[in-house]
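Thanks for making the time this morning. I would like to walk through one model with you, staying with its strands, helices and aromatic rings, so please keep the view open while I talk.

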2 protein chains.
Amino acid sequence: MDSTSPIIYVVEPYGGSIRRHNSALPLIYWDDAAVTRGDGIFETLLIRDGHPANLQRHLDRFRASARLMELPEPIVEDWITATREAVSEWSQRSDEDATCVWTYTRGRASTGRPSAWLTLTPVSDTVLRQRRKGVKVMTSPRGFSIDTSLPGVEEATEGGSPRPAPWLTVGAKTLNYAANMAALRYARSRGLDDVIYLDPGTGRVLEGATSTVITVRAGGKLRTPVSGGDILPGTTQAALFDYAETHGWRCKAKEMTVERLLDADSVWLVSSVRVAVRVTEIDGVKLPAPDNEDEVRELINAALGAE
Amino acid sequence: MDSTSPIIYVVEPYGGSIRRHNSALPLIYWDDAAVTRGDGIFETLLIRDGHPANLQRHLDRFRASARLMELPEPIVEDWITATREAVSEWSQRSDEDATCVWTYTRGRASTGRPSAWLTLTPVSDTVLRQRRKGVKVMTSPRGFSIDTSLPGVEEATEGGSPRPAPWLTVGAKTLNYAANMAALRYARSRGLDDVIYLDPGTGRVLEGATSTVITVRAGGKLRTPVSGGDILPGTTQAALFDYAETHGWRCKAKEMTVERLLDADSVWLVSSVRVAVRVTEIDGVKLPAPDNEDEVRELINAALGAE
């Protein structure tokens, strides 16, 4: 196995062995619900300096997603052990950042047992370039809207509804990303890098296709759209706000429009592996680099290393 | 390999070989977009009397889905060949109905080539029971609504938009069924069999979780909600309406409410493998069997065999 091949560990969902899987061989069976229905959840973690960054928030969201999807409670210790084994293997190869993805599916129809595994791969060149150069984005309605007036949705997105209901997968980080991928393909076909979703009725800013939107404003202010309902709570944004709040920044979740993005000092898309990429253009309008660009970047990196 | 194991054929997406896959071995790689993003499409076909039923409509919808998802045009001849090989193998085992699923995904990130395969399995006992006994359903809002006012949506659902756009996966039969599966789990936890989705704003009947809604009314009338936008066009419903129209029935797509379901002679969920299951209860209200129950069933079976 060459040194660039992905590191894969299979996790026994009910506890027990963790085994390394040869990435050159197929992994998933024909009747796994991940493949037949996109019926599973995932988390993507940054591996940096020999550690999974922001681990606790990822574990919390992973458990919340599993609960919303009525998957058996993940055995946290096993996920941590498997992650540390993979990271240890990675560290012998490289001291660069890596991407770790946990996947947990409803599993095979023929066995009724969930499937669970993690992969660890190098950070892609695209991500490295976007970290340096930023991203050009287009805004777009999402094409569908989530009905937040339904009973259960608010509790669901808080992760603690007592009674599961059909619409409770709202707020879970599921494998159903086909629409997001289509939006990104469309953006790329127009020479852009990413998409920021807007609510078509109100023009309210929602989130990036795979990231949380942040603005930085004069006076040390950080802002992000209010999560819940149709906005997945971001683990990187949460780490950033918690850390920044204790370092003199004033952080608040607040509804915002595209106009509020354009008159901010800077706009960022934050997510686990890209960490923070500055938005350099929105719908053709250039956003000049702010004076504190390096300071913001350092703040986010410090937040991820602070845990 | 025992005689109950699924029959799997892998289809080369760009043409070439069709090979049988041993179902006891894993099939899909860790980096297939079907697994990582639910990024793929599928069709489910009924195999009956040695033939795939309603083949042309499934091929048409499969191609339309591929176009909407910007997957390479499926090579229809290869799918037909693979299906016939699998069916021929099945016919040596059994003359019962079987379920054939075509899956076509964006494929492995590391190769950029789509993945494509079909599986052929016995019809499940649940389906056989539902065909005989009918289904008890609950109505539910879907939890999200598709914005049909967006440019592109109407053309997309007709399968022929000139310009792909982010929201164009509306109308494609993608692997993103996690919400539908959650709705079905919820229904089953309440002792029910299925869900009929309603538009929360208007109370308009949309579709079943995995089926099209049909009503039969006095005077030989068949009705179904208007497809497009937030209702996937049904291949079985289309076959039924085309056939019934030439056999003295009056068939029309028409908006309907739950009240219109309750005052119909009978209500059916139609889909490829279940074919037609009568709705025997909606939200606790019993629907008595109509006098023409057998006639309706024979009509649908004849429609599927008429191709």
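I will take the sheets, then the aromatic contacts, and then the helix packing.

Two words on conventions before that. This is a predicted model, in which local features need pLDDT of at least 70 and side-chain atom pairs count only at pLDDT 80 or more, while totals for chains, interfaces and linings use all residues. Residues are numbered from 1 along each chain as its sequence is written, chains are lettered from A and ligands numbered from 1 in the order in which they are written, and side-chain values use heavy atoms, with hydrogens and water left out.

Let me begin with chain A, where an open sheet of six strands has the order E2-E1-E6-E5-E3-E4 and its pairing is antiparallel. Helices (H or I, at least four residues) and strands (E, at least two) are DSSP runs, numbered from the N terminus, and two strands pair if DSSP finds at least two bridges between them. The edges of this sheet in chain A are strand E2 (18–21) and strand E4 (51–52), each of which pairs on one side only. Strand E1 (residues 7–11) of chain A runs antiparallel to E2(A), with four bridges joining them, and A:Tyr9 has A:Arg20 as its bridge partner in E2(A).

In chain B there is likewise an open sheet of six strands, with antiparallel pairing and the order E2-E1-E6-E5-E3-E4. Its edge strands are E2 (18–21) and E4 (51–52) of chain B, each pairing on one side only. Within chain B, strand E3 (residues 40–48) and strand E5 (residues 98–105) pair in the antiparallel sense over eight bridges, and B:Leu45 finds its bridge partner in E5(B) at B:Cys100.

Staying with chain B, how many of the seven residues of strand E7 (residues 135–141) are buried? Six of them are, so E7(B) is largely enclosed by the rest of the structure; buried here means under 20% relative accessible area, with exposed over 50% and partly exposed in between (1.4 Å probe, protein chains only). E7(B) pairs in the parallel sense with strand E15 (residues 275–282) of chain B over three bridges, and there B:Lys136 stands opposite B:Glu281. E7(B) also pairs in the parallel sense with strand E9 (residues 194–198) of chain B, over five bridges, with B:Val137 opposite B:Asp194.

Back in chain A, strand E14 (residues 266–271) is mostly covered, with six of its six residues buried. In a regular strand the side chains alternate between the two faces of the sheet. For E14(A), A:Ser266, A:Trp268 and A:Val270 are buried on one side, and A:Val267, A:Leu269 and A:Ser271 on the other. Strand E11 (residues 212–217) of chain A pairs with E14(A) in the antiparallel sense over five bridges, while E14(A) and strand E15 (residues 275–282) of chain A pair antiparallel over four and are joined by a hairpin through three residues.

Now the rings. Rings of Phe, Tyr and Trp (its six-membered ring) pair if their centres lie within 6.5 Å, and planes under 30 degrees apart count as stacked, over 60 as edge-to-face and the rest as tilted. By this rule there are ten aromatic pairs over all chains. One of them joins A:Trp79 and A:Trp102, whose ring centres are 5.7 Å apart with planes at 45°, so the pair is tilted. A:Trp79 lies in helix H3 (residues 76–93) of chain A and A:Trp102 in strand E5 (residues 98–105) of chain A, so this pair ties together parts that are 23 residues apart in sequence. A:Trp79 also forms an edge-to-face pair with A:Tyr104, at 6.3 Å centre to centre and 70° between the planes. Ring pairs link A:Phe62, A:Trp79, A:Trp102 and A:Tyr104 into a cluster; within it, A:Trp79 counts as buried at 2% relative accessibility, and A:Tyr104 is buried at 1%.

Finally, the helices. The axes of helix H2 (residues 55–68) of chain A and H3(A) come within 11 Å and cross at roughly 135°, where axes are lines fitted to C-alpha atoms, for helices over the stretch in contact, and angles run from 0 to 180 degrees between N-to-C directions. That makes H2(A) oblique to H3(A), given that angles under 35 degrees count as roughly parallel, over 145 as roughly antiparallel, 65 to 115 as roughly perpendicular and the rest as oblique.
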